[in-house]
Amino acid sequence: MATSFVVEGLKAEIEGKEILKGIDLEIKGGEIHAIMGPNGTGKSTLASALMGHPKYEVTDGKVTIDGEDVLEMGVDERALAGLFLAMQYPSEIAGVTNSDFLRSAINARRGEGNEISLIKFIRQMETKMKELEINPEFAHRYLNEGFSGGEKKRNEILQMMMLDPKIVILDEIDSGLDIDALRIVANGVNAMRSEERGFLIITHYQRLLNYITPDYVHVMMQGRIVKSGGPELAERLERDGYDWVKEELGIVDETVGQEA
Amino acid sequence: MTTQIVLPVNPEQLRSSSSGSGEPAWLTDSRVDALKLAADLELPTLEKTKIERWDLNHFGSWTSSAPALKEQLPEQVASFVNLQENSNLLVQQNHAIVFAQLSADLAEKGVIFTDLQTAARDHEDLVKPYLHSIIKPEENRLSALHSALWNGGVFLYVPKNVEVDIPLQSIFLVDSTETVFAPHVLIVAGENSRVTYVDNYISGDYSESIVHNGAAEVIAKDGAKVQFATVHHLNATTTDYTIRRAMLGNDASIEWIVGEMNSGDSASETLTILKGNGSNSDAKVIAVGSGSQRLNYTTKAVHFGKSSESQMITRAVMREQASAIINGITKIEKGATKADGQQTEKVLMLSPKARGDANPILLIDEDDVTAGHAASVGQVNQEQIYYLMSRGISREQAERLIIYGFLAPVVSDIPLEQLQQQLQGLVERKLGQ
């Protein structure tokens with residue numbers, strides 16, 4: 001069965017403030033969706049709410065992955081169901097090596113008694129690290145500790161490649177990346193494109209979309225998707241900015257949940 | 001106010017029992033003098049801990065009689081040792097040593113590894129000058145009681161220039177609350193010698209209260225290198241009070257590796273006196289607290305020697321309602337120029353009811369030194385848990401990774417692989433995983 005990820009009427013709040021005001025989205029295997037929008041419009045909240053970050057409370061709506069109710073699942077269960085979020089600010093965890101962490105994550109999928117052999121794991125990890133031009137010694141470094149911004153982002157992509165998810169959400173994966181790192185990350189994503197996998201790319205710059213061509217582009221403002229289109233929409237946003245969208249829709253302040 | 005103290009034995013009984021069992025007169029006198037002191041001294045003062053509320057009355061009765069050594073290891077200790085022909089092992093069960101083995105090779109080199117009571121009789125010249133020389137009976141009631149009542153115990157002597165490659169091991173097993181359990185470890189490492197000593201404190205099956213009032217003294221002569229690893233995992237009805245101290249000569253070094261894995265109330269002090277120029281002390285402590293344990297762990301370095309260096313690291317994980325006071329004291333005396341003292345104490349709390357307190361203290365009376373400290377106390381970071389879980393790792397496994405990660409800088413530095421694995425296993429057990 002082809003992957004299907006459906007978000008319907010999703011509302012979410014943080015500390016009592018409503019940020020998502022009803023999001024509808026459907027991503028099928030093989031599709032790449034991009035969500036664009038200025039800062040403060042709820043894009044990252046959408047990513048966090050979908051993954052189940054404890055700070056965000058979903059107040060309404062429905063999310064399913066292949067028909068299964070995502071909102072009923074714990075964070076780990078969402079991951080096991082096939083959801084992957086490359087985070088904007090990955091945590092640093094001292095004392096836990098990158099490879100121990102990745103192996104734990106892979107084995108969590110495979111289940112007890114079916115753990116990946118160490119040799120096979122190392123071989124896979126080394127291959128993927130090479131593709132992402134990550135220094136091999138990073139396997140033994142503590143998870144994200146002392147990594148530069150770009151190294152952290154590449155490490156997120158490494159995890160994505162190793163975990164083979166069905167739905168990938170990339171939250172501002174391009175922020176803090178120089179042009180070389182951006183190309184490497186984009187190559188990693190493109191290598192993972194397949195009929196079984198859907199992508200949701202969250203960004204406020206169009207430049208990432210020069211490397212990864214989306215099938216659908218959505219503009220988010222005030223906690224809603226206010227406009228959707230094809231790749232040409234991203235190009236127009238790059239050329240003309242967001243003001244014309246605001247004008248067209250009569251929006252004065254596009255942000256949500258922020259103090260005036 | 002002096003709280004009423006019931007001594008486990010009166011001075012006359014102690015005197016007759018000690019001399020009756022063939023202890024030399026100087027030892028009998030030292031015991032009796034210490035016992036008299038105990039009656040007048042107060043309990044030790046511990047930072048932010050009311051030790052007078054602890055169960056410190058159940059010492060058991062004192063006896064100096066020692067059973068004959070056994071051919072076989074007591075069953076409870078078998079899993080802690082890998083006994084081979086060249087193993088060097090002492091096992092104390094309750095009040096006396098019950099098993100002893102020293103390889104012929106080491107005996108030939110002049111290494112002495114025997115119970116302290118025997119050593120006091122057979123090697124007076126090597127024992128008498130050092131016994132209670134750095135942990136003195138007059139310090140407080142518990143040190144006096146220990147000096148009066150210590151039993152079994154370990155004496156390890158390594159002659160000048162002798163390097164011992166295989167660790168010497170002892171196991172202190174308490175499985176009865178009837179007799180005093182107060183082993184004393186005395187290590188004398190001659191000039192330019194090298195030795196590794198490892199011990200375990202374990203409980204058998206009992207549910208009555210008992211106090212372990214233990215002490216270890218290490219004398220490292222000029223150029224000697226001593227590694228001292230100790231793991232305590234006494235049960236919940238055992239109150240553990242342990243003092244460990246080392247005295248370093250010129251260019252001597254000690255490495256302490258301490259695993260505090262008890263289940264009952266526990267206090268310990270691990271102190272190095274850096275008397276010699278160029279001496280070096282390194283202390284690594286990991287501790288796990290659970291249940292309603294009250295813990296007070298101190299690492300301390302006192303610098304007298306020029307260019308002496310000390311490092312101290314304590315990492316403690318507290319779960320349930322356990323509370324821990326973690327103290328680090330670096331003292332640099334006037335004249336200890338170019339000394340360097342560094343310390344770190346960190347406490348990780350796994351439950352809202354767990355308590356932790358880290359107290360780094362630097363006391364510096366010399367200008368020409370470097371010293372530093374770092375301390376932190378905190379709960380498990382929920383962002384980290386979320387991050388790990390977002391990759392499919394369960395909450396339990398995520399916490400486990402974070403806890404091991406927290407302890408890793410100490411555990412991964414432990415130079416003995418077997419000990420590393422044992423500690424790992426104990427941490428796991430204490431964390432209920």
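The helices here (H or I, at least four residues) and strands (E, at least two) are DSSP runs, numbered from the N terminus. Who does the touching? Asn98(A), Leu102(A), Ala105(A) and Ile106(A) of helix 3 of chain A meet Asn155(A), Gln159(A), Met162(A) and Leu163(A) of helix 5 of chain A, with contact meaning that C-beta atoms, placed from the backbone, lie within 7 Å. Sorted by class, that contact has five nonpolar, three polar and no charged residues. For the classes, Ala, Val, Leu, Ile, Met, Phe, Trp, Tyr, Cys and Pro count as nonpolar, Asp, Glu, Lys and Arg as charged, and the others, Gly among them, as polar.

Before going on, keep in mind that this is a predicted model: local features need pLDDT of at least 70, side-chain atom pairs count only at pLDDT 80 or more, and totals for chains, interfaces and linings use all residues. Residues are numbered from 1 along each chain as its sequence is written, while chains are lettered from A and ligands numbered from 1 in the order in which they are written.

Still in chain A, helix 4 (residues 118-131) has 14 residues and reaches 20 Å from its first C-alpha to its last, close to the 20 Å expected at 1.5 Å a residue; that expectation is 1.5 Å times one less than the number of residues. Just after helix 4 of chain A, Glu133(A) takes a positive phi of about 50°.

Zooming out, chain A holds nine helices and twelve strands. Its radius of gyration is 18 Å, close to the 18 Å that the globule rule gives for 260 residues, so chain A is as compact as a globular protein of that length. The radius is taken over C-alpha atoms, and the rule is 2.2 Å times the number of residues to the power 0.38.

Now for chain B, with nine helices and 19 strands. Along its principal axes, the C-alpha trace of chain B spans about 70 × 55 × 50 Å.

Finally, how do the chains meet? The contact takes 20 residues from chain B and 22 residues from chain A. On the chain B side, helix 7 (382-389) and helix 8 (395-411) are the elements that give two or more residues. Helix 8 of chain B supplies the largest share of that side, nine residues. By class, the side of chain B that touches chain A has ten nonpolar, seven polar and three charged residues.

Methods. Contact = placed C-beta atoms within 7 Å.
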